[in-house]
Amino acid sequence: MRKPVEQIEEATILFAGDSGDGSQTIGTQMTETTALIGNDVATLPDYPAEIRAPAGSIAGVSGFQLHFSSEQIHTPGDLCDVLVAMNPAALKVHLNKLKPNGILIVNTDNFARRNLRLAGYEEDPLEDDKLTKYQVFRVELTQLTRKALEATQLSVPEIDRCKNFFALGMILWLYNRPMEYTMKWIKAKFAKRPQYIESNILALRAGNTYCEATEQFAVSYDVKPADFEPGTYRNIEGNMATVLGLVAASYQSGLPLVYGSYPITPASDILHGLAQYRNFGVVTMQMEDEIAAVGVAIGAAFSGALGVTGSSGPGLALKAEAINLAMIAELPLVVCNIQRAGPSTGMPTKTEQSDLLQMFYGRNGESPLPIIAPSRPFDCFETVYEACRIAVKYRTPVIFLSDLYIAMGAEPWKIPQLSELPEIRPDFAGSADTRNGFEPYLRDPETLARPWAKPGTAGLEHRIGGLEKSDVTGHVSYDAENHQRMVEIRAEKVARIADALPPTEVFGAPEGDILLLGWGGTYGAIRTTAENCVADGLPIAHVHLRHLNPFPKDLGDILQRFKKILIPEQNSGQLLQLIRSTYLIDAIGFNKVQGQPFHVFELASKIDEILEEIGRA
Amino acid sequence: MRRKRSSRIPAGAPTLSKKDFESDQDVRWCPGCGDYSILAQTQRIMPELGIPKENIVFISGIGCSSRFPYYMNTYGFHTIHGRAPTIASGVKMANPDLSVWVITGDGDALSIGGNHFIHLMRRNFDVNVLLFNNRIYGLTKGQYSPTSEQGKQTKSTPLGSVDTPFNPISLALASGATFVARSLDRDPNHLRAIIKSAFEHKGTSFIEIYQNCNVFNDGAFFQYTEKDTKADNTVILEHNEPLVFGAERDKGIRLNGFQPEVVKTANGEYSTEDLIVHDQYAEDTTLANFLARMSDTLDLPDPIGIFRSIRHPCYEDLMTSQIRTAKERMGEGNLEALLNDGETWTVS
Ligand SMILES: Cc1ncc(C[n+]2csc(CCOP(=O)(O)OP(=O)(O)O)c2C)c(N)n1
Ligand code: SF4
Ligand SMILES: [Mg+2]
């Protein structure tokens with residue numbers, strides 16, 4: 001007899017184990033399947049910086065959290081309904097994320113003395129009374145996998161490596177998801193090593209039938225598809241969306257893409273991604289350091305290509321002088337900064353938003369640059385495309401300021417039609433049409449952009465560089481008044497970008513008590529909080545800034561309409577400083593600098609606190 | 001055979017002259033600076049290269065020498081200290097048809113830009129690098145540089161520098177450079193010939209040019225450049241020719257075991273047959289390395305000319321061929337297909 005299926009609205013699952021246990025793989029597979037059957041889904045991979053931390057240690061725990069729903073969701077979830085703990089260390093690190101009465105699946109085969117000691121447990125936690133508040137499923141996952149794969153020719157270590165798929169098979173059963181997508185993936189992944197196709201599929205099936213057969217699992221759950229706008233969808237990670245956005249900008253503009261980079265977490269996947277698209281004419285250059293990486297991008301831009309460089313905070317520090325050169329040379333350039341937790345090497349695999357002021361001010365002299373930030377994984381596509389558009393239109397470097405949380409997170413993405421993509425027009429200078437010959441700093445009166453003249457064009461030979469140049473002619477100039485004029489023009493050019501921006505979207509109350517003002521990867525947590533407040537009828541709104549420099553022109557007015565401006569950030573208050581100094585308002589910061597995203601409950605309690613202060617509650 | 005990508009001036013087009021390569025900017029080096037001569041020889045040789053000036057790009061770092069692009073009526077980019085090789089690499093990669101020239105100084109190329117310099121050499125883009133070696137920091141007014149001799153007294157080293165200098169030729173060779181040469185600001189004919197050979201070489205061409213900074217390091221190379229001392233202190237490298245030098249051309253360099261020595265060829269004891277014969281096309285770098293180092297420690301003349309000139313594939317050609325192959329194999333990129341790649345689902 002089939003076991004009963006319970007309808008639920010949403011669920012959050014956390015797979016956790018040793019780095020080598022394959023939690024990331026099965027987390028990604030669960031995400032793919034869940035997206036393909038129509039749920040909305042958001043993910044949070046959380047893995048250690050060490051490639052192989054000592055097996056079984058706390059430092060080696062790698063986790064993957066995913067949240068899926070029959071409604072639209074924006075975060076990977078605060079607390080989990082299910083925790084799969086492959087070893088004691090995973091249990092120790094993540095147990096506090098499991099909801100009371102949540103499902104805890106543990107691989108008891110890994111709870112021997114030695115493993116307990118590695119995780120710092122004196123006593124066996126499975127014997128602990130504390131676990132009684134959860135539904136604990138003790139599974140001999142290693143033994144069961146070995147048994148299921150008995151007939152294969154594989155060695156024991158090879159068999160043990162398949163046990164993550166046993167766990168995935170269980171979860172697919174528990175949430176009534178088909179195994180076919182995972183099987184298809186396994187077949188493609190191991191096409192060159194067919195022995196692993198059979199074994200992983202066997203493990204997957206065994207996990208599935210185990211749940212069906214054992215009395216331990218009495219019910220399974222079902223989450224109906226979410227309501228999505230009509231369209232074609234795929235699941236996408238932030239960095240992959242960035243890759244596609246860059247390829248799209250190159251394709252639509254007709255400018256060949258030259259991407260210079262030096263490997264660094266969490267930006268390397270952009271380099272890896274772009275390197276696959278040579279058939280789009282994409283050139284990727286892995287250089288000797290970040291300075292060389294931005295150098296080739298600037299050189300490519302000077303030659304008339306779409307020059308792009310990408311890195312994370314430490315690399316951006318190295319690139320600063322060269323970015324400043326591109327700023328004064330007024331060349332199109334896109335600089336991707338995928339932020340991670342600093343300062344210095346900091347916590348390379350953890351998220352943070354602490355490079356905002358570095359991007360604003362981290363160059364010598366007066367060096368204004370447009371800065372734009374994506375808000376969620378799929379938004380990286382549109383935002384980086386917009387960065388390319390601004391760079392080309394205004395002949396300026398543009399900072400695309402992403403962060404690890406959205407770069408590594410995944411969610412469903414409605415694939416855009418090509419006709420929806422804004423036009424990017426290189427408009428190269430054609431011939432010297434002024435009476436004085438070619439004048440490289442003669443500007444477009446509206447945008448203040450200077451001509452882009454590429455070498456190879458007869459009659460436009462000219463020299464540029466980092467020395468101050470005279471307005472219009474571009475000749476080297478030490479003239480006092482000219483310098484001030486040029487400083488002002490460069491600032492004005494960036495400020496004018498705001499002239500052509502669409503009105504700012506205000507979610508929630510058009511005016512009222514609290515405006516939640518955010519940027520970047522905090523979108524999901526803030527929007528979910530705002531939705532809950534709006535549902536409760538509170539006069540609260542959310543504005544999420546894509547354009548951080550220049551700010552949208554209507555922002556000042558919007559800020560005036562709320563009693564309190566609350567700015568949640570994963571830094572010590574960087575947007576806060578900018579907003580306070582730009583608009584002279586007493587905005588409030590809410591800051592979390594822990595390498596972990598905000599939880600919705602954290603924001604909700606901060607809002608309660610403010611409402612209480614202003615006498616609402 | 002030489003196959004340059006830089007597109008040629010079409011037959012019948014008016015020929016260019018030195019004047020065509022002079023920009024309208026006043027040249028601002030100190031009177032008497034060796035940079036003037038290098039500029040003049042470059043401007044003089046350009047018309048002979050047969051490429052339209054719009055296809056020529058000069059890229060420099062920072063230093064007195066790096067002002068050079070402002071004076072050339074071609075495309076030019078005066079960049080930042082030490083980074084010209086990176087920008088030149090991007091320019092060449094994005095448009096392999098351009099003739100790209102890097103102008104750099106001993107500080108620019110070997111101190112702050114040392115890392116980029118060695119990587120440029122090994123990647124073998126088809127670009128030409130002219131290093132103006134004056135063994136001093138000119139623009140910052142006279143500190144010692146990585147090519148200054150040990151013990152050099154300057155403003156920053158009143159008691160003498162303590163670091164051992166670089167030998168730029170050795171460094172280029174060790175980095176895998178495919179064309180390595182040395183010339184002199186005060187030998188216009190030789191300099192022009194070497195610049196032309198560098199241009200004709202397909203791959204990264206490196207020329208170290210001894211350049212006099214008459215303000216902060218006057219006479220640093222006079223033993224190699226002045227009439228009365230030049231012949232005895234330099235040996236001109238010519239392919240397939242024995243290493244003969246001296247005012248009377250009566251001295252040569254011979255190997256005594258592994259040890260080079262100067263011998264007289266006039267008194268009958270030795271003939272030119274006994275001398276080392278230069279082979280600039282040798283794939284093996286032993287001879288080039290030895291020539292680069294021979295005047296360092298021993299009382300031997302300093303070699304001038306082409307140390308090494310060999311053909312290796314260029315970075316931009318390999319990259320372009322990857323693109324071509326990828327297009328053949330996967331078809332020209334189609335954005336719509338790319339965005340819809342992988343597992344998708346449709347909501348209606
Ligand atoms: C990042 C940076 N550091 C220092 C300087 C100052 N600086 C300008 S030129 C130079 C040395 C130039 O020496 P070299 O490359 O030998 O050129 P030369 O002036 O001798 O031709 C220095 C240290 C600078 N412009 N930028
Ligand atoms: S300081 Fe020396 S190198 Fe610089 S311009 Fe004057 S003479 Fe030439
Ligand atoms: Mg110098």
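Q: Which residues is Val258(A) in contact with, leaving aside its neighbours within four places in sequence?
A: In this predicted model, Val258(A) is one of the residues that touch the most other members of the largest nonpolar core, together with Ile298(A), Cys388(A) and Ile59(B). In chain B, Val258(A) has contacts with Gly90(B), Met93(B) and Ala94(B). Within chain A, the residues in contact with Val258(A) are Val283(A), Met285(A), Val296(A), Ala297(A), Ala300(A), Ala305(A), Leu306(A) and Gly307(A).

Q: How many residues are in the other core, the one with Val106(A) and Phe111(A) among them?
A: In soluble globular proteins, nonpolar side chains tend to be buried together. The largest nonpolar core here holds 188 residues. Apart from it lies another core, which includes Val106(A), Phe111(A), Ile159(A) and Phe166(A) and has 57 residues.

Q: What radius of gyration does chain A have, and what would a compact globule with 617 residues have?
A: The C-alpha trace of chain A spans about 90 × 65 × 45 Å along its principal axes, and the chain contains 20 helices and 23 strands. Because a compact globule with 617 residues would have a radius of gyration near 25 Å, that is the value to set beside chain A, and the two agree, with chain A at 27 Å.

Q: Among contacts in chain A between residues at least 6 apart in sequence, what percentage join residues at least 24 apart?
A: Chain A has 617 residues, of which 52% count as buried. Among its contacts between residues at least 6 apart in sequence, the share that joins residues at least 24 apart is 75%.

Q: Which element of chain A gives the largest share of the side that touches chain B?
A: The contact between the chains takes 59 residues from chain A and 53 residues from chain B. Several elements of chain A each supply at least two residues to this side, including helix H1 (23-36), strand E9 (231-237), helix H9 (238-253) and helix H12 (313-329). By class, the side of chain A that touches chain B has 33 nonpolar, 17 polar and 9 charged residues. The largest share, 10 residues, comes from H11(A).

Q: Which helix of chain B gives the most to the shell around ligand 1?
A: Ligand 1 is surrounded by 17 residues, and the closest are Gly63(B), Gly105(B), Gly107(B), Asp108(B) and Gly138(B). By class, this shell has 6 nonpolar, 9 polar and 2 charged residues. With 3 residues, the element of chain B that gives the most is helix H3 (residues 106-112).

Q: How many nonpolar, polar and charged residues are in the shell around ligand 2?
A: The residues that surround ligand 2 include Trp29(B), Cys30(B), Cys33(B), Asp35(B), Cys64(B) and Asn134(B). Gly138(B), Cys213(B), Asn214(B), Val215(B) and Phe216(B) also belong to this surrounding group. By class, the shell has 7 nonpolar, 3 polar and 1 charged residues.

Q: Which elements of chain B give two or more residues to the side of domain 1 that touches domain 2?
A: The domain assignment of chain B gives domain 1 (18-241 + 278-324) and domain 2 (244-277), and their centres, taken over C-alpha atoms, are separated by 29 Å. In the contact between them, 12 residues of domain 1 of chain B meet 7 residues of domain 2 of chain B. The elements that give two or more residues to the domain 1 side are helix H8 (227-233) and strand E7 (234-237) of chain B.

Q: What is the omega of the peptide bond from Gly342(A) to Pro343(A)?
A: Most residues other than glycine have a negative phi, and most peptide bonds are trans. Pro343(A) is placed in the loop between strand E13 (333-339) and helix H13 (356-361) of chain A. The peptide bond from Gly342(A) to Pro343(A) is cis, with omega near -5°.

Terms used: Residues are numbered from 1 along each chain as its sequence is written. Chains are lettered from A and ligands numbered from 1 in the order in which they are written. This is a predicted model: local features need pLDDT of at least 70, side-chain atom pairs count only at pLDDT 80 or more; totals for chains, interfaces and linings use all residues. Helices (H or I, at least four residues) and strands (E, at least two) are DSSP runs, numbered from the N terminus. The radius of gyration is taken over C-alpha atoms; the globule rule is 2.2 Å times the number of residues to the power 0.38. A residue is buried if 20 or more other C-beta atoms lie within 10 Å of its own, exposed if 12 or fewer, and partly exposed in between; C-beta atoms are placed from the backbone. Two residues are in contact if their C-beta atoms, placed from the backbone, lie within 7 Å. A nonpolar core is a set of buried Ala, Val, Leu, Ile, Met, Phe, Trp, Tyr and Cys residues joined through C-beta atoms within 7 Å. Domain bounds come from an automatic or database domain assignment. A residue is near a molecule or strand if its C-beta atom, placed from the backbone, lies within 6 Å of it. Ala, Val, Leu, Ile, Met, Phe, Trp, Tyr, Cys and Pro count as nonpolar, Asp, Glu, Lys and Arg as charged, and the others, Gly among them, as polar.
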